[in-house]
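Dear colleague,

Please find the structure below, handed over for your use. My notes on its cavities and on one residue follow.

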Amino acid sequence: MSTLSGLRSPTEADRLRPDVYDFSVVLGGPLYQIVRRAHLSGSALELLHRRIVVISLFAWLPLLMLSVLSGRAWGDAVRVPFLIDVDTHARFLFALPLLIAAELVLHQRMLPLVRQFLERDLIAKASRTRFDAALASAQRLRDSLVAEVLLILFVYFVGILYIWPRHSALDVATWYGTPADGGRRLSPAGWWFVYVSLPAFQFILLRWYFRLFVWIRFLWHVTRCELDLIPTHPDRAGGLGFLSNTVIAFAPLLVAHGVLLAGTIANKVFFQRATLLDFKVELGIVPAALLLAVLGPLVLFMPHLAEVRRAGLRAYGTLAQRYVREFDDKWLRGRAPAGEPLIGSSDIQSLADWRTALKWSGACASSRSIGTRWSGSR
């Protein structure tokens, strides 16, 4: 029985068993489990449209209904009725669906990335244990209950009490509240907005920052492993070019931040007489910070790329020296076999090819090999 066990056909359980190296930074955590039990997602983030509709309407529809009932959905009852609040609609009807859709995009594009380190033999055998430990640590952190509880506490005690009143809330009478005694007197819609809709949105946003941290931390652990890079690899990144797929995977997340920033600025311009130049700092810092968060982790591999470049130049330089010396002896010092014609010989073309090979051997040290050549790797 034991002799034949290795020859059996794969069962359904085998096909459903997850691969330990199929790592996804979004496929885990308490919220993921709750969403699955609510039949809003499958094991691979299926049911995307259902998730978008249910979560977005949970955050936005009660605000509309309560605003209508209190007479603040339109009209002149307040300076900013619900239907013309650009920030609210941009936040819950555009940015929130993008954040939800970004999970599926990131999952599908990044799922095979970790295995690529092994399939391409980029991890030296001596560092395989360290690589497995880094992956297990990333999975534990991704699934941490404590981390998500801390995010919830941060949302209510920092995001709601400090960040939103000072950076997003309007200082005029709105559908969610009117200024009173240094604070705001909330309307019925305002109570749902401040204590349900806004915290839910901020939690999902902060959860994305936490996932970025998990991914960056994993890559940092990988850079501490011994990497077996190839200086003449065609991707011009020593074999690490597949990591450029992470850039496009984060595109929906970046667009969601753009929508969120545009909605906040629009409200300030329309209802508080601000100008676009008043937000030049935000317009510069936010895109720069997002690009740094996405592209910055790839810079962690620069020491490895620089090292393999130096090693490649030495090794291929030695081999090239041997070739050109033999070329010199053969064609310039008269040691070519009698009767061998110079015209039509492949030696000259081979000499030109060696120059190209030496360029490739040093190409992987360039930061653009991974960071800015992503568009050619999609």
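How do the residues of the lining of the largest cavity divide into nonpolar, polar and charged? There are three nonpolar, one polar and four charged residues, where Ala, Val, Leu, Ile, Met, Phe, Trp, Tyr, Cys and Pro count as nonpolar, Asp, Glu, Lys and Arg as charged, and the others, Gly among them, as polar.

This is a predicted model, in which local features need pLDDT of at least 70, side-chain atom pairs count only at pLDDT 80 or more, and totals for chains, interfaces and linings use all residues. Residues are numbered from 1 along each chain as its sequence is written, and side-chain values use heavy atoms, leaving out hydrogens and water.

Searching the whole structure gives two cavities of 30 Å³ or more (a cavity is a set of points on a 1 Å grid over the protein atoms alone where a 1.4 Å probe fits but cannot get out; lining residues have an atom within 4 Å of a point; grid points are joined across faces, edges and corners, and a volume is the space filled by probe spheres set on the points).

The largest cavity has a volume of about 50 Å³. Its lining consists of Val-25, Gly-28, Arg-142, Glu-148, Arg-207, Phe-210, Arg-211 and Val-214. Helix 8 (residues 188-223) supplies the largest share of that lining, four residues (helices are DSSP runs of H or I, at least four residues, numbered from the N terminus).

The second largest cavity holds about 40 Å³ of space. Its lining has four nonpolar, three polar and two charged residues, including Asp-85, Trp-164 and Asn-267.

Yours sincerely

Terms used: 1 Å grid on protein atoms, 1.4 Å probe; cavity = no way out; pocket = protein on both sides within 12 Å on 5 of 7 lines; lining within 4 Å. Helix = DSSP H or I, 4+ residues; strand = E, 2+ residues; numbered from the N terminus.
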